[in-house]
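User: I'd like to walk through the aromatic contacts and helix packing of a protein model. Could you take me through them step by step?

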Amino acid sequence: MPREIITLQVGQCGNQIGGEFWKQLCLEHGIQPDGLLRDVPPPNGNDAAAAASSSSLPSSADPGAAAAANNNNNNGIGNSVMSPPDMGHKFIDDRKDVFFYQSDDEHYIPRALLVDLEPRVVNKLTHQGPYRNLFNEENCFIAEDGGGAGNNWASGFRQGEQHHEKVLDMIDRESDNSDSLEGFVMCHSIAGGTGSGMGSYLLEALNDHFPKKLVQTYSVFPAWSENQSDVVVQPYNSVLTLKRLTLNADAVVVLDNTALNRIAVDRLKIENPTVDQLNSLVATIMAASTTTLRYPGYMNNDLIGLLASLIPTPRCHFLMTGYTPLTIADYYQNPIPTADGSPGPTYQHTTHSASVRKTTVLDVMRRLCQPDNIMVSANTRNPSSCYISILNIIQGNDVEPTQIHKALQRMRERQTIKFIPWGPASIQVALARKSPFLASTNKVSGFMLANHTSMAELFDRLLGQYDKIRRRNAFLDNYRREPMFQDNLDEFDSARETVQCLVDEYRACERKDYVDYGGEVLEE
């Protein structure tokens, strides 16, 4: 039984990256823009090779293979390798129902809520372009006045409270439509007004309304350089949102605009990357992080299984991502012609790509830990920082577990990764199928989801920007007009303290005595 996930797209940024995410999922599952399924693609050479090699892959019924897949080494890096039980039937074995449901007329409809306080982006998704008929219009919420939040967190939070009955009714309807709801995924930005303010209110509301369901977010962090900042009050909005992400979310996947721009310019050789190109890169990351949920094996096939090994303590749940080989699609709709010249059901990307000539499992796993491929502008090579946990998802139709073990052994011998000193160091590796509906130029691709103590550097940079304007009480007039800040500004101080505690805890993770950290805080 699939564990369904409901996606909340909040604000301009959240709906933009959410729109690209659904395009990517439709392409990977062979769903046409109108929601109907494409023809099943015929098996090609790679599929035949995958089918031939599937007999050598360990299955969940093979205890010897399972034991080998979970072996621990003597040098401090334990690993777990998961492989799909049958690579030969990959186009039958997907789970569309995790993110889609099927209507009475056989159309697939995303389990998504499109929420915004101004109509422009939501109307573009639902009234323009080839995917305009994909979404359920009952799941679109736009404030009646359509004025937006004016890049003011307090305004977004107030309007979230004002409209909470309508939005929660939509969420209840979607959850009642699920057989076994596992949780929620929220896409938003932390720097603006709607994604940060209304997103914060929805996080609190989800915790109260669905206390036993997981809440994961894909949170876009702003570029901190002064010449790239669009919103002068983004440090205020970011700190206030970060408090809610710390206290009310179970996992936060950090998407850092600074790093995304750097990757597009330096790695993909795009001089002036557009918003659509960056959103395409984000969609690739989001789709890769959900691959094992949609093309499941016998482990990591639900959200809790994916996140459990990555998050050691409740607050240290901010995750960085890496992906290789890096590509950005100019646009997806490029059908590969069939033998008779007509467009076929398999689609290829027209892309900007980093120069990776050959992909092997070892090469992909090594590249995933390189700072150039990490989507967060933090120094992972700092001598004092270390990895808390790593999950690598390796995609390839002819990858065998033995290749994974050899790659891990080589990395272990070279000691290329520094782990926490107070706990077992482990790299978890999942093998995932590639979509049969998308042609790929690379045999192997990899996605990394990691918890790293250098996240403290990102939050510290945010606090530095916040302190610059807060000590002068600059740009606070619009906040004082809102009910939350009419009497005092205590919420700012509370949010800053929460973020500072988060920084301190991540830095404490680098020390051997971290296991006593919670006790020390309680004693104080």
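User: Happy to start with the rings. Which residues do ring pairs link into a cluster with Trp 22?

Analyst: Keep in mind that this is a predicted model. Ring pairs join Trp 22 into a cluster whose other members are Phe 21, Phe 99, Phe 100 and Tyr 108.

User: How many aromatic pairs does a search of the whole structure find, and is the pair of Phe 21 and Phe 99 stacked or edge-to-face?

Analyst: Searching the whole structure gives 20 aromatic pairs. For Phe 21 and Phe 99, the ring centres are 5.8 Å apart and the planes stand at 80°. Planes over 60 degrees apart fall in one class, so this pair is edge-to-face.

User: Where in the chain do Phe 21 and Phe 99 lie, and how many residues apart are they?

Analyst: Phe 21 belongs to helix H1 (residues 11-29), while Phe 99 sits in the loop between strand E2 (77-82) and strand E3 (100-102). Both residues are buried. The pair links distant parts of the chain, and the separation is 78 residues.

User: Are H15 and H17 roughly parallel or roughly antiparallel?

Analyst: The axes of H15 and helix H17 (residues 490-508) come within 9 Å and cross at roughly 150°. H15 passes H17 in a left-handed crossing. Angles over 145 degrees share one label, and the two helices are therefore roughly antiparallel.

User: Which tyrosine of H17 is among the residues that meet H15?

Analyst: On the H15 side, the residues involved include Phe 459, Leu 463 and Tyr 466. Across from H15, H17 contributes residues including Phe 492, Val 499, Leu 502 and the tyrosine you asked about, Tyr 506.

User: Zooming out, what percentage of the protein's residues count as buried?

Analyst: The secondary structure comes to 18 helices and 18 strands. The accessible surface is about 21,500 Å², with 46% of that belonging to carbon and sulfur atoms. Of the 524 residues, the share that counts as buried is 58%.

User: And among contacts between residues at least 6 apart in sequence, what share joins residues at least 24 apart?

Analyst: The Phe 21 and Phe 99 pair, 78 residues apart, already gave us one link between distant parts of the chain. Among contacts between residues at least 6 apart in sequence, the share joining residues at least 24 apart is 82%.

Methods. Residues numbered from 1 in each chain as written. Predicted model: local features only at pLDDT ≥ 70, side-chain atom pairs only at ≥ 80, totals over all residues. Heavy atoms only, no water. Phe/Tyr/Trp six-rings, centres within 6.5 Å; stacked < 30°, edge-to-face > 60°. Helix = DSSP H or I, 4+ residues; strand = E, 2+ residues; numbered from the N terminus. Buried < 20%, exposed > 50% of the residue type's maximum accessible area, 1.4 Å probe, protein only. Contact = heavy atoms within 4.5 Å. Areas by Shrake-Rupley, 256 points an atom, 1.4 Å probe, with all protein chains shown as cover. Axes fitted to C-alpha atoms, helices over the stretch in contact; angles between N-to-C directions. Parallel < 35°, antiparallel > 145°, perpendicular 65-115°, else oblique. Left-handed = near helix turned anticlockwise from the far one by under 90°.
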